[in-house]
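I open this notebook to record what I looked up in one structure. The entries follow the order in which I consulted it.

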Amino acid sequence: MNQKTALLIFANSAAKEVERKEFLSAEIFSALNKQTLKTAKKSKLPYFVISEKEQTGASFGERFTNAIDLIFKKGFDNVITIGNDTPHLKTKHLLDANTSLTKKQLVIGPSKDGGFYLMGLKKAHFNKETFLKLPWQTNKLQASIGAISTIKKEQISFLELLIDIDAQEDIKTILQSFKTLSLDVLLLLKKTIFAIKIYNISKVSFYKTSSFTKNYNKGSPLFFAYL
């Protein structure tokens, strides 16, 4: 076990996550949290879970920065951070990140939306003020980190590109990929896609029915333009 490196699981409880991503269920986030914890344990690295109960700060950037600072204050030289919304995250990604930190100052597991699903960094290169100024939760995050690292002449090691679940479309993309998923998560994501399809069909059906009734009663030619 490498006691110089700690894992930070920066993830809210299932109930809290659903407030932010209403298209997903608490059941899915419970499964994702369970899978993330299992993945962390397999790495044999010390890990800490910081949910909304332990987080401090008014913004995401403040909460995330404070969480990283907290782990460094526990005496670790390196921190590898992950969330709970990347179904394809494997223990191998954590171990590869830990190995890369022996040679590089920063490790990024890039996500398709321009952010990251994993970040590994050294205490010597952690600057709270710089972190707080980053464009958190935007598609400019990766580019901003890359630009700052170039200016500071810090070397970055990149892991493979993975997909976070930030929108309904991400679920379909994840299911259509050739990467393996745990059975529980796979079944729940398929269930979610099915529910979304039924909901959308119901909305279209209701819209068409409402339009027909409204336009037919008025004798409006606008109705026939949609046929």
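Predicted model: local features only at pLDDT ≥ 70, side-chain atom pairs only at ≥ 80, totals over all residues.

**Entry: the partner of Lys 179.** I found that the side chain of Lys 179 meets that of Glu 160 in a salt bridge, at 2.7 Å from N to O. The two residues belong to distant parts of the chain, 19 residues apart: Glu 160 sits in the loop between strand S6 (156–158) and helix H7 (168–176), and Lys 179 in the loop between H7 and H8. Glu 160 has a relative accessibility of 38% and therefore counts as partly exposed.

**Entry: other salt bridges.** I list nine salt bridges in the structure. One of them pairs Lys 16 with Glu 19, at 3.5 Å from N to O. These two residues are three apart in helix H1 (residues 14–20), so about one helical turn separates them. Lys 16 is partly exposed at 36% relative accessibility, while Glu 19 is exposed at 55%.

I then looked up Asp 85, which forms a salt bridge with Lys 21; their closest N and O atoms are 2.9 Å apart. Asp 85 lies in the loop between S3 and H4 and Lys 21 in the loop between H1 and helix H2 (26–42), so this pair ties together parts that are 64 residues apart in sequence. Both Asp 85 and Lys 21 are buried. Through shared partners, salt bridges join Lys 21, Asp 85 and Asp 166 into one network.

**Entry: Thr 86.** I located Thr 86 in the loop between strand S3 (78–82) and helix H4 (91–100). Its relative accessibility is 7%, so Thr 86 counts as buried. The side chain of Thr 86 makes a polar contact of 2.4 Å with the side chain of Asp 164. Beyond its neighbours within four places in sequence, Thr 86 is in contact with residues including Gln 35, Tyr 117 and Leu 162.

**Entry: the nonpolar core.** I counted 23 residues in the largest nonpolar core, where Leu 8, Phe 116, Met 119, Phe 131 and Ile 145 touch the most other members. Among the elements that supply at least two residues each are strand S1 (5–10), helix H3 (60–72) and helix H6 (141–151). H3 gives the largest share, five residues.

**Entry: the surface.** I noted a nonpolar surface patch of Phe 194, Ile 198 and Ile 201, with about 320 Å² of accessible area together. Ile 201 is placed in helix H8 (residues 183–218). Ile 201 counts as exposed because its relative accessibility is 54%.

Key. Residues numbered from 1 in each chain as written. Heavy atoms only, no water. Patch = residues over 30% accessible without salt bridge, like charges linked within 9 Å, V, L, I, M, F, W, Y side chains within 5 Å. Areas by Shrake-Rupley, 256 points an atom, 1.4 Å probe, with all protein chains shown as cover. Salt bridge = Lys/Arg side-chain N within 4 Å of Asp/Glu carboxyl O. Helix = DSSP H or I, 4+ residues; strand = E, 2+ residues; numbered from the N terminus. Buried < 20%, exposed > 50% of the residue type's maximum accessible area, 1.4 Å probe, protein only. Core = buried A, V, L, I, M, F, W, Y, C linked by side-chain atoms within 4.5 Å. Polar contact = N/O pair within 3.5 Å; in protein donor to acceptor, adjacent residues only side chain to side chain. Contact = heavy atoms within 4.5 Å.
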